[in-house]
Amino acid sequence: MATFNKDDAKKIIVSRTDNLGDVILTLPLITQIKKNFPKATITFLIKRYVHDLIKNYPGIDEFVFIDDLNESSKLRKFFKQKKFDLMFNVYPRFEIALAAFLSGIKIRVGTGYRWYSCLFNKRNHEHRKTAEKHEAVYNLNLLKIILNSKEDLPVEFNFQVSEAEIKNLNDKLTKKSFDLNSDFIIIHIPSKGSAAKLPNEKFIEYINTFNSEFTNVKVIFTGVEEERDEIESVLKEINDISNLINLCGELSLSELKTLISKSKLFVSNSTGPIHIAGALNKNIIGFYPHHLPASKTRWQPLSKNSVILEPEASDDMGTIKIETIMKGTRNLLKT
């Protein structure tokens with residue numbers, strides 16, 4: 001196993017090339033790397049679409065996009081040119097691990113449980129599939145190997161929302177006769193399919209119940225453009241839509257962050273945006289299955305103000321009761 005001197009790490013790269021929620025839960029690792037290597041530059045290898053959300057995130061000196069390096073030769077050339085000293089393979093992929101090895105990155109941190117783990121020379125022997133810890137903790141534990149520490153590292157987020165971002169979004173939403181400073185909740189119905197979701201019929205029942213009780217609180221729907229049809233099919237079943245605003249497909253990720261920061265409550269299945277709300281420590285109601293790889297233990301939002309609801313029977317998400325959701329709603333809106 002390779003020897004390591006902290007002072008030798010001048011250029012560090014962190015690779016997390018999967019999806020939105022996964023990248024957000026890697027940000028605490030970025031924070032701790034910067035704290036422990038304050039003089040090093042940190043490059044973040046991600047998918048391009050996530051960049052808008054984290055483009056100004058503290059601790060990241062440079063972004064590079066896997067979209068532009070989708071061939072092994074391009075990866076190797078990039079790694080050689082940059083001359084990285086240390087690499088964290090948070091989301092292990094063979095082609096990235098091989099390129100890092102062949103390009104001569106001295107210290108390569110990754111899992112010890114892939115067939116190609118021999119390409120890493122600092123290995124973490126934890127099975128994430130057992131879901132005994134949170135994803136953010138698994139990510140941080142990669143750094144513990146480098147620090148040779150048994151102490152748990154803190155999970156810290158540094159998302160910032162500027163006054164300019166708030167003003168720009170408020171100006172945009174004024175055209176929809178909506179004031180960003182009014183009382184509103186966000187309901188994010190779509191899911192990318194990574195976990196079982198609350199049925200749309202349950203969302204319809206919840207929204208009708210919420211509207212009848214909280215008449216002065218607006219309900220905002222979010223999602224991307226290709227999810228608009230799903231949202232509109234739900235809206236057709238709502239008794240009174242006068243208090244509802246559909247922003248599906250109309251917000252960038254940074255605008256979504258700003259909207260969430262001003263919300264009173266975020267209600268969602270297990271999907272990427274719930275982790276934005278978690279990183280902002282917002283009031284959250286999240287719906288999670290018992291199924292181990294998608295369970296709340298590994299994937300719940302990291303807010304101190306969250307209510308996580310699971311099905312009563314197996315993984316039948318339809319068994320989550322509306323009154324249970326409303327109880328969580330009342331309690332969180334009181335705070």
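In this predicted model, helix H9 spans residues 228-235, and its buried residues are Arg228, Ile231, Val234 and Leu235. These residues lie on the same side of H9, because the arc they cover around the axis is only 125°. In general, an α-helix has 3.6 residues a turn, so residues three or four places apart point the same way. The partners against which the buried residues of H9 pack are helix H8 (200-213), strand S8 (218-221) and strand S9 (244-246).

Both of these strands belong to an open sheet of 6 strands, ordered S9-S8-S7-S10-S11-S12 and paired in parallel. At its edges stand S9 and strand S12 (306-309), each of which pairs on one side only. From one strand to the next, the twist averages 15°. S8 and S9 run parallel and are joined by 3 bridges; Val219 stands opposite Leu244 in S9. H9 packs on this sheet by touching S8 and S9, and its direction makes about 160° with that of S9.

A further helix, H13 (residues 322-334), lies across strand S7 (184-188), strand S10 (265-269), strand S11 (284-287) and S12. Its direction runs at about 155° to S11.

The largest comprises 60 residues, and Phe44, Ile54, Phe88 and Leu259 have the most contacts inside it. Beyond its neighbours within four places in sequence, Leu259 is in contact with residues including Leu169, Phe178, Ile186, Ile220 and Leu247.

Definitions and conventions
Residues are numbered from 1 along each chain as its sequence is written. This is a predicted model: local features need pLDDT of at least 70, side-chain atom pairs count only at pLDDT 80 or more; totals for chains, interfaces and linings use all residues. Side-chain values use heavy atoms; hydrogens and water are left out. A nonpolar core is a set of buried Ala, Val, Leu, Ile, Met, Phe, Trp, Tyr and Cys residues joined through side-chain atoms within 4.5 Å. Buried means under 20% relative accessible area, exposed over 50%, partly exposed in between (1.4 Å probe, protein chains only). Contact means heavy atoms within 4.5 Å. Helices (H or I, at least four residues) and strands (E, at least two) are DSSP runs, numbered from the N terminus. The arc is that of the directions from the helix axis to the C-beta atoms. Two strands pair if DSSP finds at least two bridges between them. Axes are lines fitted to C-alpha atoms, for helices over the stretch in contact, and angles run from 0 to 180 degrees between N-to-C directions.
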